[in-house]
Amino acid sequence: MKLTELAFHVNGEVKGDAEKKIDSVASISRARENSLTFFVKNRAVGDLRNTKAGVVLLTPEFSEQCECNRIVVDDPYAAFAKVARLLHPHPSVVSGIHASAIVSDSAEIAATASIGPLCVVGNNTVIGERVMLGAHCAIGANVTIGDDSRLHDRITICSDSVIGQRCEIMPGVVIGGDGFGYAEDDGKWLKIPQLGRVVIGDDVDIGANTTIDRAALDDTSIGDGVKLDNQIQIAHNVQIGEHTIMAGCTAVAGSASIGKRCRFGGHASILGQLEIVDDVYVNATSVVTRSIKTAGIYSSAIAVQENNRWQKVAGRLHRLNELAERVHKLEKQILVNQAQENQTLENQASGQQSGE
Amino acid sequence: MKLTELAFHVNGEVKGDAEKKIDSVASISRARENSLTFFVKNRAVGDLRNTKAGVVLLTPEFSEQCECNRIVVDDPYAAFAKVARLLHPHPSVVSGIHASAIVSDSAEIAATASIGPLCVVGNNTVIGERVMLGAHCAIGANVTIGDDSRLHDRITICSDSVIGQRCEIMPGVVIGGDGFGYAEDDGKWLKIPQLGRVVIGDDVDIGANTTIDRAALDDTSIGDGVKLDNQIQIAHNVQIGEHTIMAGCTAVAGSASIGKRCRFGGHASILGQLEIVDDVYVNATSVVTRSIKTAGIYSSAIAVQENNRWQKVAGRLHRLNELAERVHKLEKQILVNQAQENQTLENQASGQQSGE
Amino acid sequence: MKLTELAFHVNGEVKGDAEKKIDSVASISRARENSLTFFVKNRAVGDLRNTKAGVVLLTPEFSEQCECNRIVVDDPYAAFAKVARLLHPHPSVVSGIHASAIVSDSAEIAATASIGPLCVVGNNTVIGERVMLGAHCAIGANVTIGDDSRLHDRITICSDSVIGQRCEIMPGVVIGGDGFGYAEDDGKWLKIPQLGRVVIGDDVDIGANTTIDRAALDDTSIGDGVKLDNQIQIAHNVQIGEHTIMAGCTAVAGSASIGKRCRFGGHASILGQLEIVDDVYVNATSVVTRSIKTAGIYSSAIAVQENNRWQKVAGRLHRLNELAERVHKLEKQILVNQAQENQTLENQASGQQSGE
């Protein structure tokens, strides 16, 4: 593709050889003659100067720092996302059902869909146009998968689940497993049958080995445009609003309701039965134990220290209540001393008077 | 089913139309004419008044708050668990081995068992009556699976594992993978062969993508009635006592021994080589680093704060040892001052005396 | 095997019946006549005295504590690892491609490799000598798997990945899933195509359900001899140096670079875009938020306390900044008081003088 064409797609301006042809993207250090790269703030400007890339996407402020061809855009990272997909489209998939797949007669599979080897598709399941299922997927009964969704290898979608359009799901994901609900009954745990569904909107991405449980009743619901990283756990009856994004290993407990456009760092924990409003950012490893009612950034992460030092801190932390009480006692003591001192000064003053 | 029949199963008393027929369960807000729901304390009484349910399970104290049919019971949640299973039994499974499954000639499969499509069953493995294996299960050699256990799709049970009766295992679970044991040898890691087993009792439930490692020697052991949520990690040689329950993403390190009837919140961490007695409850995200010898509730969870505020707290925390030392110094100083002050007062007294 | 032979393999010295034959290993309490066990410091010496083992591996200092046969070595645990593998070699695998496997015509499979039932192998993939693939593995296109690597059941290796020699990979692992990279674009998330690879060295072990994402560009790289436990998450572009070891459920965020011979306890979190030098040990559940530039042990783990006590500590922690400010105020106050006191003493001295 010529630079002019690329620039057109990202609404950018070419500086340099507009006829130059590009066939791939690469990192700034590995980019070669025929590849495009990008440069964003906070990266080393030296890399920009030394790059051998055929063209660099960058903002106006860095445009003069580079002698190679460039396409000037407002947001080089977003522009890169668009160009990278243009130059590296999804591998084309062959329509049709692989001979080794086991598909129920009552399933409705669009003619343009691709059902991979050794897939199993249950009764009354509906699979939309251009849907891709990789190898070893198991799709239960009464499932709906919207047009253009891409399910990679070895994905389990349990019965009654609804997957929207243009979703992308990585291997090992389990959608619609039973939620974790038990009643105590005479010293034993009695399972609450999990009879609800998982409903996933459009344009949702789900990372490898993530699990999303079906609701006890009603729906576990993942809004349009939500992006979930690997090994995330979404418990039953959770609601996640549109365009919320979660990094790896985050866990959300039952019936939590999370707003739109929220962001969660990795290994975060959201406890159950609480509500988080829109536009809340939670830092990595932080723990949400109560509802968050105001948009903003929240954290409870504790960074490592050298171990000997940390052991002392941790020991002190465990006695923090006593420390606070000691401070309180000091405050009272100092007030007493002050009063006493004032008395002394008064005495002194009167003593001096009387002594004069 | 008539209300009288349902009431009989849960040892409850019908108030209203005992002949009323019910065919499903639903949440209190979505329940309709023909559905049963339940009401427990701490929920909004308004929901109870407004429900359109055919019948509500509730305790005597709420019986008069509702004009619809009701079944009065001691524990509505446990009663709901029982009724829900009555009205929504497990889907019936067809006995027999799917034509696409690959089963060793030396495996013993009960005639009433159901082996799903594309399963693989190893040598000398014994599968009990009415056992269900979903699609894509891989059961190794010398495995035993007890009667009435239900293994959903895509479950791996490695060789020599023992699974009890009436267990329910969700997709993606791996039981009997090698434990993580290495000896250091000349700057490299030498794997300790993992030669033990996993032994799982009766009535154990295991959530999606949970992993339970085989012991190095002897057994990793999960007691009767244990309930494990999704993405839990149980390391080699761990022992878990009967009826203990663990929420999602909890991790238990090697050789930990956990008592009966314990409860673990989600994302908890239990370190290795320690012992936890019976009836210990550990809150979500908490970290057990040493043996717990007394039943009770334990925690080390830290809830999020607004980030700017938290950053100050975290900074102070890292200097907590110094803060404690400063308090100690103040305490000494205040004693010195006190002594000095007392001296001054004495001086003053004697000065006044001498000045008189 | 005779004790003399075993001793030869571990460079040890037999004390007792050198002709004695051993056929298995066992734990010290369960070992019998024909089995070998080991004894290391910190274990109960009583177990050593009472063992019924045919032979015990131990250090010279314990050699006289036991009446049974023994092999004296410097490092009994490493010696045990070697002997255990000798006595319990990997089960032999039948070379060849299982009739149910679906292998691309363009894949190159070594004649000595074993491709298990229902595996899928993609185009142009190269599988080395004596490689074992268990059941249900899905190996994408253009993958390389080195000689003698053992992939157990149900493993997904996405396209373009490189796996070294003598690796061992447990069930449920996903290697080469898309990294988690998005650009914000007009309130939505735009996926950055993940076009890089995963490159895994020789002698790497990977535990059940662990996930390792492909790089956005370039490589995610796992060095020779690295050992990863279960349910570990390695994000895109991460680099892990040789012989580093990580316990279960540890998560490493994007572009983190980790040195050689590092050790990570379980449930640790390493944030992205940072560097950790060689020989860093991070304790379980600890959180690395910034680069670590000095070898050593680091921690931020907080152990549980009894819950009522902890709730007070946690409340105090949230007000730690205020506590520190109160201490600061006390320090100032005490200086003022001191000054005042000194003034009083001076006054007193001069008052006494004037009063004399």
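Predicted model: local features only at pLDDT ≥ 70, side-chain atom pairs only at ≥ 80, totals over all residues.
## Relation between copies

Two copies of a chain are related by a rotation about an axis and a shift along it. Chain B is superposed on chain A by a rotation of 120 degrees, with 0.0 Å of shift along the axis and an RMSD of 0.1 Å. That is the relation of a three-fold axis.

## Contact between chains B and C

Chain C gives 67 residues to the contact and chain B gives 69 residues. On the side of chain C that touches chain B, the elements giving two or more residues are helix 3 (76–87), strand 38 (305–306), helix 4 (307–318) and helix 5 (320–355) of chain C. Helix 5 of chain C supplies the largest share of that side, 16 residues. By residue class, the side of chain C that touches chain B has 30 nonpolar, 26 polar and 11 charged residues.

Strands also pair across the two chains: strand 37 (residues 296–299) of chain B runs antiparallel to strand 38 of chain C, over 2 bridges. B:Ser299 stands opposite C:Gln305, which is in strand 38 of chain C.

## Helix 4 of chain B

Helix 4 of chain B covers residues 307–318, 12 residues in total. The distance from its first C-alpha to its last is 16 Å, close to the 16 Å expected at 1.5 Å a residue.

Which residues of this helix are buried? They are B:Trp310, B:Val313, B:Ala314 and B:Leu317. Seen down the axis of helix 4 of chain B, these buried residues fall within an arc of 100 degrees, so they line one face of the helix. An α-helix has 3.6 residues a turn, so residues three or four places apart point the same way.

Notes
Residues numbered from 1 in each chain as written. Chains lettered and ligands numbered in written order. Helix = DSSP H or I, 4+ residues; strand = E, 2+ residues; numbered from the N terminus. Expected span 1.5 Å × (residues − 1). Buried ≥ 20, exposed ≤ 12 C-beta atoms within 10 Å, placed from the backbone. Arc of directions from axis to C-beta. Contact = placed C-beta atoms within 7 Å. Nonpolar A, V, L, I, M, F, W, Y, C, P; charged D, E, K, R; others polar. Pairing = 2+ DSSP bridges. Least-squares fit on C-alpha atoms with pLDDT ≥ 70 in both.
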